[in-house]
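Subject: Structure for your review

Dear colleague,

I am handing over the structure we spoke about, and my notes on it follow below. Please read them with the coordinates open beside you.

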Amino acid sequence: MRIVLQKVSSAAVFVAEKKLGQIKAGFLLLVGIEDTDDEKTVDYLVHKIVFLRVFADKNDKMNLSIKDVGGAILSISQFTLYADTKKGNRPSFTKAGQPQHAERIYDLLNKKLAHENLSVQTGEFGAHMQVELVNDGPVTIMFDTDEN
């Protein structure tokens, strides 16, 4: 699984000009899934995301987690994180998970994040979406479970 995490002061997602989700301070997650991802992969990433210390403490040091600051999550499925651009100019997406499997794992990730008492908003799996965000910091972190 690949997740691009961006610390945001706000973010929103739209499909066909309709707002599906919106958060204030927290994380925007761009989530790519491959066929080998399973519940163990999800559990590992949920732990990493929930306890990631990138919010400022009283000394302005990145020392607090999203739970510590009462932040929210906007989770967006994004198969293009598995783009292979080594050959030619048109990316190949053969490493991205099959839609049925990817949607199941994506839903599981979001449910487990919500189970951690976090507000979790989502886009629409498989839809063409517009995402607005204000990156705070900027802080952008990449998780790739193939690189553990």
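**What was found**

His-101 counts as buried, because its relative accessibility is 19%, and the cut-off for that class is under 20%. Please keep in mind that this is a predicted model. His-101 lies in helix α3, and, leaving aside its neighbours within four places in sequence, His-101 is in contact with Ile-33, Glu-34, Asp-35 and Asp-37. Lys-18, by contrast, has its place in strand β2 and counts as exposed, because its relative accessibility is 55%, where exposed means over 50%. Although Lys-18 and Val-131 are 113 residues apart in sequence, their C-alpha atoms are 11 Å apart in space.

**Strand β1 and its partners**

Strand β1, which covers residues 2-15, is mostly covered, with 12 of its 14 residues buried. Its pairing with strand β8 (residues 130-144) is antiparallel and runs over 12 bridges, and within that pairing Phe-14 stands opposite Gln-130 of β8. Strand β3 (residues 26-32) is also antiparallel to β1, to which it is joined by seven bridges, and here Gln-6 is the residue that stands opposite Leu-28 in β3. Five bridges, again in the antiparallel sense, join β1 to strand β2 (residues 18-23), with Val-13 standing opposite Gly-21 in β2. β1 and β2 form a hairpin that has two residues between the strands, and Ala-16 in the turn has a positive phi of about 50°.

**Helix α1**

Helix α1 is made up of 13 residues, 39-51, and it reaches 18 Å from its first C-alpha to its last, which is close to the 18 Å expected at 1.5 Å a residue. At the start of α1, a side-chain oxygen of Asp-38 comes to within 3.1 Å of the backbone nitrogen of Lys-40.

Which residues of α1 are buried? They are Thr-41, Val-42, Leu-45, Val-46, Ile-49 and Val-50. These residues lie on the same side of α1, because they cover an arc of only 150° around the axis. What covers the buried residues of α1 includes β1, β3, α2 (66-69), β6 (72-77), α3 (99-115) and β8.

**Nonpolar cores**

The largest nonpolar core has 27 residues, and those with the most contacts inside it are Ile-3, Phe-27, Leu-29, Ile-49, Ile-73 and Leu-113. At least two residues of this core are supplied by each of β1, β3, α1, α3 and β8, and the largest share, six residues, comes from α3. For Phe-27, if residues up to four places away in sequence are not counted, the residues touched are Leu-5, Gln-6, Lys-7, Val-8, Ile-49, Leu-52, Val-54, Phe-55, Ile-66, Ala-72, Ile-73 and Leu-74. There is also a second, separate core of 13 residues, which includes Ala-11, Val-13, Val-15 and Leu-74. In soluble globular proteins, nonpolar side chains tend to be buried together.

With best regards

Conventions. Residues numbered from 1 in each chain as written. Predicted model: local features only at pLDDT ≥ 70, side-chain atom pairs only at ≥ 80, totals over all residues. Heavy atoms only, no water. Buried < 20%, exposed > 50% of the residue type's maximum accessible area, 1.4 Å probe, protein only. Helix = DSSP H or I, 4+ residues; strand = E, 2+ residues; numbered from the N terminus. Pairing = 2+ DSSP bridges. Expected span 1.5 Å × (residues − 1). Arc of directions from axis to C-beta. Contact = heavy atoms within 4.5 Å. Polar contact = N/O pair within 3.5 Å; in protein donor to acceptor, adjacent residues only side chain to side chain. Core = buried A, V, L, I, M, F, W, Y, C linked by side-chain atoms within 4.5 Å.
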